Amino acid sequence: MTVTYLKQGISEEHRAKDDAKVRDVVETTLADIESRGDAAVRELSQKFDSYAPERFRLTQSEIEAAMQKVSARDMEDIKFAQAQIRRFAEAQRASMTDIEVETMPGVILGHKNIPVQSVGCYVPGGKFPMVASAHMSVLTASVAGVPRIIASAPPVDGAPHPAIVAAMQMGGAHEIYVLGGIQAVGAMALGTETIDPVHMLVGPGNAFVAEAKRQLYGKVGIDLFAGPTETMVIADETVDAELCATDLLGQAEHGYNSPACLITNSRKLAEETMAEIDRLLKILPTAETASVSWRDYGDVILCDSYEEMLDVANDMAYEHVQVMTDRDDWFLENMHSYGALFLGPRTNVANGDKVIGTNHTLPTRKAGRYTGGLWVGKFLKTHSYQKVITDEAAAKIGEYGSRLCMLEGFVGHAEQCNIRVRRYGGKNVAYGTAAE
C-alpha cells in the first residue's frame, strides 16, 4: 500500500510561523481591551472598520430599520434556512433528557441539562458577510434555552449588514452589536463599561478571532478551536472531475489559506480533477482567493484502496468531508475523525453551510479527533446531583466511603462519611479511623 501526493500544499511549519504572529497581536489587543474597555474597543473599530458610533448596540428601531432593507426574497430564504436549522436543533434537544435513577435502595442519582446563562455569538463580515452564521449560533442557542444571547458582526460599508441583523433578530438575539474582529469577541468575553460579559463565545471568524477565542478560553467557554475552512473530497470513478473540482474550489474561495484535498483511488480522476480546477479558475469570479488557497494549501492524494483512503482521511480529520464513492455508507460507518460528513454526489458542503439544517461551525486542524461541531448540546451543561433518602443507605454508603477515603489518606473526607455512619447507622466509629 502506498500513498502518493500528486499535489501537496505548504508545510505545517510555515503555517506555525503565521500562527505565532497572530498570537502576539491578539495577546496585546486583548490586554488593551481588558485595561481600557470601551475606549480601546472604539479605537480598534475605527482603525479596522472605520466605524466608531456613540454606541455599538443597535436599538430596536435600528434593528427594524435594517430589516426593512432586506428584500422579500432574501427574507423568505432566511426564514426557510432557519426553519431547517431549528427543526434539527429541536430534535437534537429532545434527545437530551434529564435522568434520575435509584442505583441502590435509598440512593438516588441524576443529572440535569442546564443552559449556559449568557452567550456571545460572533458573525463574520468582511469580504463575505456570513448571514448563515447567525442562524447557526444565535438560533441554536435560542433552542437550547440560553436566557441571554448577544450577537455581534462587523459593519459592512460603514453600516450594519441588513441581512445579518435580520438573521440575528429572527434567530432570537437579545442584544445586537455592530462590532467586528478581536474587539468584538474581546468586549463580549471581558466586558466593558457598556457591554456585560458573557459566559461563552461561539461562532467562526478569521485567524485573529479564532486566536482571541483560544486565548480567552478559561475566562469564558468557547464552542471549539477553529482555523481556516477545510474541505476534503473522497471520490472514486463513480463521479467525474467537474463535480470534484467544483466542490473543492467552492470551499477554497473562503480565504487565502483554506485547505482543499482530494483523496482518490483513481489516477485518472485525480489528474482530470487537477486539469478541471485549472479550467474553472479561469472563469470563477472568486478565483483570486481560491487560486491562492489551491496553490498553497491544495492536496491531491492517490491511494491504492478504499481502506487506505479511509485511513488517510481519518488521520487528516478535515472539517468538511464529502464522500462520493460506490460505498458511501461504508465510509459513514467507519469514519471517526472529521467535522461533518456529506454523503453522495447529490449532497454538498454549501448546502450544509447555508440551509440544510446541520450546523456549519465545525472543528478544524484535526480537532475532529476529539470534538464535534457546534450543536444545541454545546449550550447545555450536564450537571449531576445526588440524594440519599434512607438511614440504611446513608450508613452503608458511608462505611464504604470511610474506608476508601482512609485508603487515600484523606482523614477529613473519611469523617464526612463517619459522622453519617454514627448518626444514621448507630455505629461507634472512632474519630479519624476507618469504619468497619
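Start with the open sheet: six strands, running in the order E1-E11-E10-E9-E12-E13, with mixed pairing. This is a predicted model, by the way. Now select 4–7 and 340–343, which are strands E1 and E13. They stand at the edges with a single partner strand each, so one side of each has no neighbour in the sheet.

Next, pick residues 231–235 and 320–324, strands E9 and E12. These two pair in the parallel sense, over five bridges. Which residue of E12 stands opposite Val233? Click across and you'll land on Gln322.

Select Asp157, in the loop between strand E5 (148–153) and helix H6 (162–171). Asp157 isn't a glycine, yet its phi is positive, about 55 degrees. Then jump to Ala317, in the loop between helix H12 (306–316) and E12. Ala317 isn't a glycine either, and has a positive phi of about 50 degrees. Buried or exposed? Asp157 counts as exposed at 80% relative accessibility, while Ala317 is buried at 0%.

Last stop, the surface: show Tyr217, Phe225 and Tyr370 together. They form a nonpolar patch with about 360 Å² of accessible area between them. Tyr370 sits in the loop between helix H14 (349–354) and strand E14 (380–388), and is exposed, with a relative accessible area of 57%.

How values were computed. Residues are numbered from 1 along each chain as its sequence is written. This is a predicted model: local features need pLDDT of at least 70, side-chain atom pairs count only at pLDDT 80 or more; totals for chains, interfaces and linings use all residues. Side-chain values use heavy atoms; hydrogens and water are left out. Two strands pair if DSSP finds at least two bridges between them. Helices (H or I, at least four residues) and strands (E, at least two) are DSSP runs, numbered from the N terminus. Patches are made of residues with over 30% relative accessible area and no salt bridge: like charges are joined within 9 Å, nonpolar side chains (Val, Leu, Ile, Met, Phe, Trp, Tyr) within 5 Å. Accessible areas come from the Shrake-Rupley method with a 1.4 Å probe; for residues, only the protein chains shown count as cover. A salt bridge is a side-chain nitrogen of Lys or Arg within 4 Å of a carboxyl oxygen of Asp or Glu. Buried means under 20% relative accessible area, exposed over 50%, partly exposed in between (1.4 Å probe, protein chains only).
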